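Please look over the sequence and the structure first, and then read the notes topic by topic.

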Amino acid sequence: MTETLNISINKTANSKIDQVDFNNIQFGKVYSDHMFTAEYRNGEWNNLRIEPYEAMRISPASPALHYGISIFEGLKAFKDEKGQVNVFRADKNFERLNISANRMCMPQLPEQIFFEGLNELLKLDNQWVPDVPGTALYIRPFMFSNDDYIGIRPSESFKFMIITCPVGAYYAKPVKVKIEDHYVRAVEGGSGYCKTGCNYGPAIYPAKLAQDKGYDQLVWTDGRDHKYIEESGTMNVMFVIDGKLITPALGDTILNGITRDSVLALARDWGMTVEERKVEVAEVVAAAREGRLQEAFGAGTAATIAPIDLIGYKDEDFQLPPVEGRVFSQKVLKELDDIKLGRIDDRFNWVSKV
Ligand code: COI
């Protein structure tokens with residue numbers, strides 16, 4: 001039997017929990033009391049610890065700051081009606097973290113460090129998992145270069161950390177998206193399939209240009225011809241057209257979203273026709289124009305199932321049908337909530353208990 005790891009625990013003497021209004025939490029503004037850290041040096045992971053959440057020291061020469069040598073994940077924990085904490089599909093986040101690590105010349109994180117670190121942190125900060133409907137504890141594992149060296153080369157030392165924050169909805173209302181036809185998020189051979197800061201930072205400026213025009217987010221298109229839909233800034237995108245669930249197929253340029261995967265599994269389980277393939281912008285625009293675009297939504301851990309109520313493309317805006325009548329996305333949102341909160345059988349084995 002594998003021995004448990006030696007994780008040192010230093011509890012805070014000043015919990016901030018009394019300052020939090022769990023009925024009114026904004027995404028990413030408040031962090032729980034503790035954080036987990038593991039350090040990689042000389043080819044080994046060591047110095048595993050949980051300590052109070054606070055600012056940390058980092059070398060001003062760290063390649064994380066200069067070259068974006070950093071990766072991250074996002075997953076959620078939920079508190080069910082009995083007070084049990086349920087974590088959703090953490091195994092997929094662990095797998096994806098190591099896929100991103102590989103692309104960014106970072107070491108693989110051992111499974112035991114990820115899961116024991118997460119479990120111990122959630123046990124300690126159990127009170128931070130909210131139980132208000134529509135809330136969750138957002139968990140942000142991340143790894144970055146901890147070298148003190150400004151040259152370009154694979155780094156030698158790293159930190160892996162986990163921080164958590166209670167969150168409400170990422171999008172408070174249905175989103176208005178613009179299909180981007182100039183700026184590019186990812187190209188074949190690039191790092192678009194990874195969760196690295198390098199994919200998110202440069203996307204903020206084009207998204208801001210769209211936000212200045214009244215949209216909430218972009219839908220990215222392929223980096224070569226802007227002909228095919230890829231993903232949105234914070235989530236994968238899906239469409240229901242003529243009763244079929246259609247979403248861009250995975251590849252080098254698209255994040256393998258865990259909510260995406262869950263939605264597809266449920267749709268297939270329910271016998272719906274699912275198409276994972278190249279999705280032409282022209283096809284979505286034509287369906288919207290002809291009233292055949294029944295639903296459009298984003299799927300992501302932070303965003304959950306985010307209904308899209310308007311799609312802008314070039315100089316036209318297409319208003320989508322009212323959210324209340326969207327049979328598939330409402331059903332899928334409820335089913336996912338029911339699974340996460342243990343209200344129905346976890347038939348895919350997606351939930352692990354803390
Ligand atoms: C997530 O959904 O967990 C993400 O990481 C999206 C994010 C950029 C907020």
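Is Asn93 buried or exposed? Asn93 is buried, because its relative accessible area is 1%, and the cut-off for a buried residue is under 20%. The model discussed here is a predicted one. The points below move from the whole chain to the ligand, and then to individual residues.

**The chain as a whole**

- The chain contains 8 helices and 18 strands.
- Its radius of gyration is 21 Å, which agrees with the value near 20 Å that a compact globule of 354 residues would have.
- Along the principal axes, the C-alpha atoms occupy a box of roughly 60 × 50 × 40 Å.
- Of the 354 residues in the chain, 53% are buried.

**The surroundings of the ligand**

- The residues around the ligand are Phe72, Gly74, Tyr138, Arg140, Tyr170, Lys195, Tyr200, Thr234, Thr301 and Ala302.
- Sorted by class, this shell consists of 5 nonpolar, 3 polar and 2 charged residues.
- Both domain 1 (8–167) and domain 2 (175–340) supply at least three residues to the shell.

- Tyr138 places a polar side-chain atom 2.5 Å from an oxygen atom of the ligand.

**Residues in helices**

- Asn93, the residue of the opening question, belongs to helix 2, which covers residues 90–103.
- The C-alpha atoms of Asn93 and Phe72 are 9.4 Å apart in space, while the two residues are 21 apart in sequence. Phe72 is also one of the residues that surround the ligand.
- Asp338 is part of helix 8. With a relative accessible area of 5%, Asp338 is buried.
- The side chain of Asp338 forms a polar contact of 2.7 Å with the side chain of Lys334.

**Residues in loops**

- Ser155 sits in the loop that connects strand 7 with strand 8 (158–167). Its relative accessible area is 11%, so Ser155 is buried.
- A polar contact of 2.8 Å links the side chain of Ser155 to that of Ser145.
- Asp131 is located in the loop between helix 3 (111–124) and strand 7 (136–145). Asp131 is exposed because its relative accessible area is 56%, and the cut-off for an exposed residue is over 50%.
- Asp131 and Tyr205 are 74 residues apart along the chain, and their C-alpha atoms are separated by 35 Å.
- Phe348 occupies the loop between helix 8 (327–340) and strand 18 (351–353). Phe348 counts as partly exposed because its relative accessibility is 26%, and this class lies between the buried and the exposed cut-offs.
- From C-alpha to C-alpha, Phe348 and Arg89 are 9.9 Å apart, although 259 residues separate them in sequence.

**Backbone angles that stand out**

- Most residues other than glycine have a negative phi. The two residues below have a positive value.
- His226 is not a glycine, yet its phi is positive, at about 55°. His226 lies in the loop between strand 10 (217–221) and strand 11 (229–232).
- At 16% relative accessibility, His226 is counted as buried.
- Asn349, likewise a residue other than glycine, has a positive phi near 65°. Asn349 is found in the loop between helix 8 and strand 18.
- Which class of exposure applies to Asn349? Asn349 is exposed, with a relative accessible area of 66%.

**Points to review in the structure**

- For side-chain contacts, compare the pair Asp338 and Lys334 with the pair Ser155 and Ser145.
- For positive phi values, find His226 and Asn349.

How values were computed:
Residues numbered from 1 in each chain as written. Predicted model: local features only at pLDDT ≥ 70, side-chain atom pairs only at ≥ 80, totals over all residues. Heavy atoms only, no water. Near = heavy atom within 4 Å. Polar contact = N/O pair within 3.5 Å; in protein donor to acceptor, adjacent residues only side chain to side chain. Nonpolar A, V, L, I, M, F, W, Y, C, P; charged D, E, K, R; others polar. Domains from an automatic or database assignment. Helix = DSSP H or I, 4+ residues; strand = E, 2+ residues; numbered from the N terminus. Rg over C-alpha atoms; globule rule 2.2 N^0.38 Å. Buried < 20%, exposed > 50% of the residue type's maximum accessible area, 1.4 Å probe, protein only.
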